[in-house]
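Please view the sequence and the model together.

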Amino acid sequence: MVIFIILSLTFTAAVDQTVVPVGESFNVSVTVEGEDLSGVEIPSAPSISGIDILGTSRSQSTQINFINGNLTKSTSYIYDYQMIAEKEGQYTIPPFTLKYKGKEYSTDPIIINVKKGVSGGRSAPPSSRPLNRIHDFRNEARDFRAIFLETAVSKSSVYPGEPIVVTHYLYVKTSLTDVQLSGPPTYENVWVENIQSPTRLNFSSATKNGIRYQRALIKQDLLFPLGETDVKINPFPVQVVIRGDMFSFFGERKTISSEPKTISVKSFPSNSPPGFIDAVGELEISTQIDTLNISVDSPFSLKIIISGKGNLNLLSAPKFPESRKLTSYPPESSANTKISGGSLHGARTFTYLITPKVSGIIEVPEIDWTFFDLQKKQFVSRKIGPWQIHARPTDEIGTSEQETSKSNKDIAYILPVSYKKVSLIPKFFPLYFIPAIIFMILAVYYVTDIRKTMGDRRYASLKAIPKQLKRGFRKLEKEIQSNNVIQFYEDLTLVLLKFIKLKFHLNVFGMKKKELLSQLQNKKVSEKSLELIEEILIKSESVRFTSLKPSQGEMSKDLKNLKEVINALH
Amino acid sequence: MLCISLLLIFSQTQVQTAEEYYKNAQYEKALEEYNTLLDRGIRNPELYLNIGNCYYRLGDFGKSLLYYRRGWFLDPSNENIRHNLSLFKKEESNPNPFISLFSKIIARISLRVFSYLLIISFSLLVVIVSIRLIQTVKFINFPVNPLLILAVLFFVFSLIGFSIWYGRVKSEWVVTTATTMAYSGPNEEFKELMRVDKAEEGSLVREDSGWWLILFRSGEGGWIDSTAAALVIPE
């Protein structure tokens with residue numbers, strides 16, 4: 001990596017030694033440095049109690065760097081104030097001030113210690129005190145300590161996820177022709193966000209331990225500790241080429257490295273809430289749900305937006321609670337963040353696709369989310385949701401507009417309320433069956449009674465048969481003897497029908513012959529008996545309605561047939 | 001009589017007030033008024049529907065479903081209640097058209113109506129059987145047999161409908177009114193089985209020191225804190 005070096009306007013003050021023997025002079029160099037120094041006035045020196053200014057001198061230098069085809073020019077006015085302290089003690093040299101183009105510049109105060117019998121903490125021996133500043137730089141560049149790397153950290157102890165700004169500076173007191181980084185700085189147990197990696201080094205004067213250097217930022221990162229393991233910043237090697245002189249024309253190549261550093265990571269306060277995963281900072285949570293009316297098996301999206309200042313790019317997605325009515329898929333994540341003021345700002349969005357498994361009103365469950373507030377040093381919990389969605393059955397998809405609007409209909413409006421008390425089952429429900437049961441009992445009783453009565457009658461009639469038969473047979477025999485043919489056959493029919501009526505409880509009188517025979521057949525009367533009955537009935541009709549005159553022998557035979565039938569049936 | 005008249009006038013005013021509150025989207029106040037009517041012993045499908053609507057508007061869907069169900073038990077043919085219930089769960093139809101039709105008919109007749117149908121069909125059956133019995137001993141010119149078949153069918157239909165609805169009442173139908181966790185035993189020390197959302201329906205199997213073992217419609221079951229659920233038909 002090749003870095004181009006430029007210089008810009010600066011106003012600094014530096015001493016050649018910070019510990020000065022009593023009565024010995026020391027030099028305060030005030031440098032005005034920039035590309036255009038026209039019209040610059042002499043900086044006004046502050047009055048310092050206990051220190052006398054012996055004299056002032058001014059020198060000028062111009063520095064031109066031509067590195068990889070890039071030309072940079074810088075002019076410096078150096079005002080050397082020779083001072084002396086007559087008494088022992090600690091002195092503060094107040095800021096020098098300079099007005100230039102309407103702006104006022106001032107240097108940092110410098111502290112010096114004046115002691116008896118010590119040799120001064122000079123950055124260079126008094127004999128080589130600079131008259132020509134460029135020349136002085138070149139001499140000092142031979143000293144490796146004149147070029148070094150410093151790693152500055154914003155915090156020395158942090159919580160997991162708390163941001164740390166790490167800045168790598170290059171300090172020089174000489175001219176460089178090239179600066180090459182072998183790679184980015186390396187860290188352990190951290191998430192790294194790049195703040196700046198300048199392609200052109202921008203040197204400016206900086207005082208370190210009261211000594212003036214040219215300083216350039218070569219890399220700045222924002223670190224977020226992962227977990228509770230200490231963060232390690234490894235040595236950062238940089239290769240530099242120091243401008244050569246008459247003895248070393250091509251310059252001197254050196255590799256310098258920063259000191260390793262460790263930043264301790266503290267544990268969170270115990271008993272972190274269940275909704276805490278890894279969010280740290282000053283954050284807020286909001287949600288967006290695209291629709292509350294969806295069909296079953298069609299996905300809808302729930303966006304959870306975490307915004308503010310914190311470890312946004314490291315955040316794990318809030319856990320979506322399990323639901324038997326919903327299927328949720330792993331969320332997609334997007335971030336819109338920027339680094340400013342040593343923090344990561346912006347928003348992180350997690351988009352969950354959720355599908356209803358069943359129809360009806362479904363509750364999308366509440367989500368618990370907790371972050372660690374770095375300002376309050378405590379956990380802060382937030383609840384989002386719940387949401388109610390209306391999942392329509394899939395068979396409603398593609399229906400007519402009217403049907404769709406019906407399915408999307410709101411709840412029915414309230415109805416006028418009456419004052420009646422409607423019960424689930426009528427009062428005294430079993431009692432309503434009692435009339436029917438009573439009716440049935442009465443019917444059964446009635447039928448039983450009738451049957452009993454009928455049984456008595458049948459018994460009585462069966463009992464009466466023999467007497468009536470005897471009487472009938474006697475009469476028929478008399479009519480055979482008197483040869484009263486017509487009367488005989490009329491009585492023969494009468495006896496037969498009366499017997500059938502008593503025996504079978506059939507209303508035989510008025511019944512046709514065929515019907516009578518059919519009824520008797522139903523009563524399981526034998527075929528032979530039926531034939532005899534038919535024969536008797538036909539013969540009786542023939543005698544009564546024709547000129548047929550049977551003999552007494554035939555009449556006796558018919559009487560015999562009648563008795564045979566009655567015997568068979570009785 | 002005077003007391004009843006005064007009570008009716010007072011109740012009427014209260015209903016009007018509740019309706020006004022509802023129209024002005026003051027659902028909590030409307031709910032208070034309707035609950036007062038409940039406290040006074042008034043129970044009817046319209047009142048339950050309105051209470052359910054108030055809870056719906058307030059976003060308490062568990063209680064909303066609970067009151068819709070209570071109204072549905074009293075009058076399952078009420079179209080407004082049916083519509084609101086369909087927002088929670090659509091009625092599933094059987095693929096067999098005969099069973100589907102039969103189920104639809106039964107689903108629209110309340111237990112109360114089935115009770116009356118059972119009384120009527122039983123009485124009719126008894127009368128027809130009695131006539132048929134009498135006909136064995138006495139001639140009555142009446143077409144008993146076809147009517148007997150119809151009466152038997154009518155009675156069987158009423159009996160099935162009554163049994164189904166009575167079974168629902170006796171099953172101790174439960175609606176969850178809060179999101180809770182179901183455990184494998186009757187306290188929180190047992191294993192967590194599943195999350196139970198508001199407005200889930202199931203039947204109460206057993207009770208143990210403030211915990212209910214509930215069998216949910218999905219076929220899953222678990223013990224939940226009884227404060228997170230309510231019986232549709234209170235004891």
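## Model and confidence

This is a predicted model, in which local features need pLDDT of at least 70 and side-chain atom pairs count only at pLDDT 80 or more, while totals for chains, interfaces and linings use all residues. Residues are numbered from 1 along each chain as its sequence is written, and chains are lettered from A and ligands numbered from 1 in the order in which they are written.

The predictor's confidence in each residue, pLDDT, runs from 0 to 100. Chain A has a mean pLDDT of 80, with 85% of its residues at 70 or more. Over residues 119-145 of chain A, pLDDT stays under 50. Where pLDDT is low, the predicted coordinates should not be read in detail.

## Interface

In chain B, 51 residues are in contact (C-beta atoms, placed from the backbone, within 7 Å) with 43 residues of chain A. H7(B) gives the largest share of this side of chain B, 12 residues.

## Helix H7(B)

Helices are DSSP runs (H or I, at least four residues), numbered from the N terminus.

Buried residues (20 or more other C-beta atoms within 10 Å of their own, C-beta atoms being placed from the backbone) of H7(B) include Leu111(B), Phe114(B) and Leu118(B).

## Nonpolar cores

A nonpolar core is a set of buried Ala, Val, Leu, Ile, Met, Phe, Trp, Tyr and Cys residues joined through C-beta atoms within 7 Å. The largest has 80 residues, and Leu223(A) and Ile51(B) are among those with the most contacts inside it. H4(B) gives the largest share of this core, 8 residues.

Terms used
Two residues are in contact if their C-beta atoms, placed from the backbone, lie within 7 Å. Helices (H or I, at least four residues) and strands (E, at least two) are DSSP runs, numbered from the N terminus. A residue is buried if 20 or more other C-beta atoms lie within 10 Å of its own, exposed if 12 or fewer, and partly exposed in between; C-beta atoms are placed from the backbone.
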